[in-house]
Amino acid sequence: MAGAHEEPEQSSPNPDSADIVAERMFEALIDTQVLRQKHAVRIILKEFGDAFLYKNARNHWAIDASVLSAFADLTGDSVVWEKSKQRWRRRRPGDKPGRQQR
């Protein structure tokens, strides 16, 4: 019986954490100056799979709250969310306080 006395195989920790995904989103934002949600979803799907995404009520891909929280922590007040354009961008001098801008 080969292997009968072997230790059970332990699973490796998943290196793809929400923090890593958020860092990748930030890199994309720096490269392009704005990061559209659609583009972020494509990056996440391509590089990390769908573990950090879900289908919303309209059956569109959406980014998991853990990634969005990590992204907000990483970027602080330097990045804002333009809801009407579904994108993040760097804060500008004329922006109102808070993360969300019109």
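These legends describe views of a predicted model. Local features are given where pLDDT is at least 70, and side-chain atom pairs count only at pLDDT 80 or more, while totals for chains, interfaces and linings use all residues. Residues are numbered from 1 along each chain as its sequence is written, and side-chain values use heavy atoms, without hydrogens and water.

**View 1. Elements of the chain.** The chain has 3 helices and 6 strands. Helices (H or I, at least four residues) and strands (E, at least two) are DSSP runs, numbered from the N terminus. Read from the N terminus, their order is α-β-α-β-β-α-β-β-β.

**View 2. Crossing of helices H1 and H3.** Helix H1 covers residues 18–32 and helix H3 covers residues 65–75. Their axes, which are lines fitted to C-alpha atoms over the stretch in contact, come within 8 Å and cross at roughly 60°. H1 is therefore oblique to H3; oblique angles are those left after roughly parallel (under 35 degrees), roughly antiparallel (over 145) and roughly perpendicular (65 to 115), with angles running from 0 to 180 degrees between N-to-C directions.

**View 3. Residues between H1 and H3.** Contact means heavy atoms within 4.5 Å. On H1 the contact residues include Val21, Met25, Phe26 and Leu29; on H3 they include Val67, Ala70, Phe71 and Leu74. The residues of this contact divide into 10 nonpolar, 2 polar and 2 charged.

**View 4. Burial in the chain.** Of the 102 residues, 30% count as buried, that is, under 20% relative accessible area with a 1.4 Å probe, protein chains only.

How values were computed
Nonpolar A, V, L, I, M, F, W, Y, C, P; charged D, E, K, R; others polar. Buried < 20%, exposed > 50% of the residue type's maximum accessible area, 1.4 Å probe, protein only.
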